[in-house]
Amino acid sequence: QGFKSAERLSGKIVSLFELCANQLSDQPHYDFGLRALKSVLVSAGNLKRAEKNESTDFEVISEWEQSVLLKSVCDTVVPKLVAEDIDLLRSLLSGVFPGADILPLEEKDLTTALNNLASKHNVLPTEKFLAKVMQLFQIQRLHHGVMMVGPSGSGKTAAWKILLEAMQVVDGVKGESYVIDPKAITKDELYGRLD
């Protein structure tokens, strides 16, 4: 992905993923292997190309690349975590990358649209709800298949419906959604299969 300080950062990111695999709670959807590492690196490369740093000083570039990598970790790993593990990840991040913290996504237009639409749909736009909706936004930008899990009444349907409508407001492109009853079709029809 063109990182100048790749050797130093690679050791840190691998140790972070090893710590996450060993210390975070055991969840069936957690993956801290090569697939997750590749997602972080691809996201970091995209962020790096989008931001561009023209500096020639190695220390400045190294700090900037570290911040890009941290943003990528926050964008790709945090949305997958259960609430109890977020504080532990924050602790692991600051241990591997001293002074680092989980970076919030800054999409002011989308946040404004979410607040307006939540009120319109009689949903209380709490900080926790908006954070989850923004995490769904982050993860759906990276992966074409997203699965939301949680107990009944936890706001999963409200989150994706409000996000879809907010994205329509911000982007000006009409989004479409289709609800499929998973019990009406076979697993192969729902998820596909390899021949």
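Begin by selecting R193: at 59% relative accessibility this residue counts as exposed, where exposed means over 50% relative accessible area, buried under 20%, and partly exposed in between, with a 1.4 Å probe and protein chains only. The model is predicted, so local features need pLDDT of at least 70 and side-chain atom pairs count only at pLDDT 80 or more, whereas totals for chains, interfaces and linings use all residues. Residues are numbered from 1 along each chain as its sequence is written, and side-chain values use heavy atoms, with hydrogens and water left out.

**Salt bridges**

The side chains of D188 and R193 meet in a salt bridge, at 3.7 Å from N to O; the term denotes a side-chain nitrogen of Lys or Arg within 4 Å of a carboxyl oxygen of Asp or Glu. D188 is partly exposed, with a relative accessible area of 42%. Side chains of opposite charge can pair when their charged atoms come close. The whole structure holds 6 salt bridges.

Next, select K71 and D75. The closest N and O atoms of this salt bridge are 3.6 Å apart. Both residues belong to helix α3, and because K71 and D75 are 4 residues apart there, about one helical turn separates them. Helices in this tour are DSSP runs of H or I with at least four residues, strands are runs of E with at least two, and both are numbered from the N terminus. Is D75 buried or exposed? D75 is buried, with a relative accessible area of 5%, while K71 is partly exposed at 21%.

Move on to D87 and R90, whose side chains form a salt bridge with an N to O distance of 3.1 Å. D87 and R90 lie 3 residues apart in helix α4 (residues 83-96), about one turn of the helix. D87 is exposed, with a relative accessible area of 55%, and R90 is partly exposed, at 32%.

**The whole chain**

Now clear the selection and view the chain in cartoon form. The protein chain has 8 helices and 0 strands. Its C-alpha atoms fill a box of roughly 55 × 40 × 35 Å, taken along the principal axes. Of the 195 residues in the protein chain, 35% are buried.

Two packed helices are described by the angle between their axes and the distance between the axes. Here the axes are lines fitted to C-alpha atoms, for helices over the stretch in contact, and the angles run from 0 to 180 degrees between N-to-C directions.

Select α1 (residues 6-23) together with α3 (residues 58-76). Their axes are 11 Å apart, and the two helices pack at an angle of about 25°. That angle makes α1 roughly parallel to α3; angles under 35 degrees count as roughly parallel, over 145 as roughly antiparallel, 65 to 115 as roughly perpendicular and the rest as oblique. The crossing of α1 and α3 is right-handed, a term for a near helix turned clockwise from the far one by less than a right angle, with anticlockwise giving left-handed.

The axes of α1 and α4 are 10 Å apart, at a packing angle of about 150°. The pair is therefore roughly antiparallel. α1 passes α4 in a right-handed crossing.

Then show α2 (residues 34-51) with α1. Their axes come within 11 Å and cross at roughly 135°, so α1 and α2 are oblique to each other. The crossing of α1 and α2 is right-handed.

**Loops and surface**

Select N122, in the loop between α5 (108-120) and α6. What is the phi of N122? Its phi is near 60°, a positive value in a residue other than glycine. Most residues other than glycine have a negative phi. N122 is exposed, at 74% relative accessibility.

Continue to V149, in the loop between α6 (127-142) and α7 (156-171). V149 is exposed, with a relative accessible area of 62%.

Finish at V170, which lies in helix α7 and is partly exposed at 36% relative accessibility. V170 and D57 are 113 residues apart in sequence and 37 Å apart in space, C-alpha to C-alpha.
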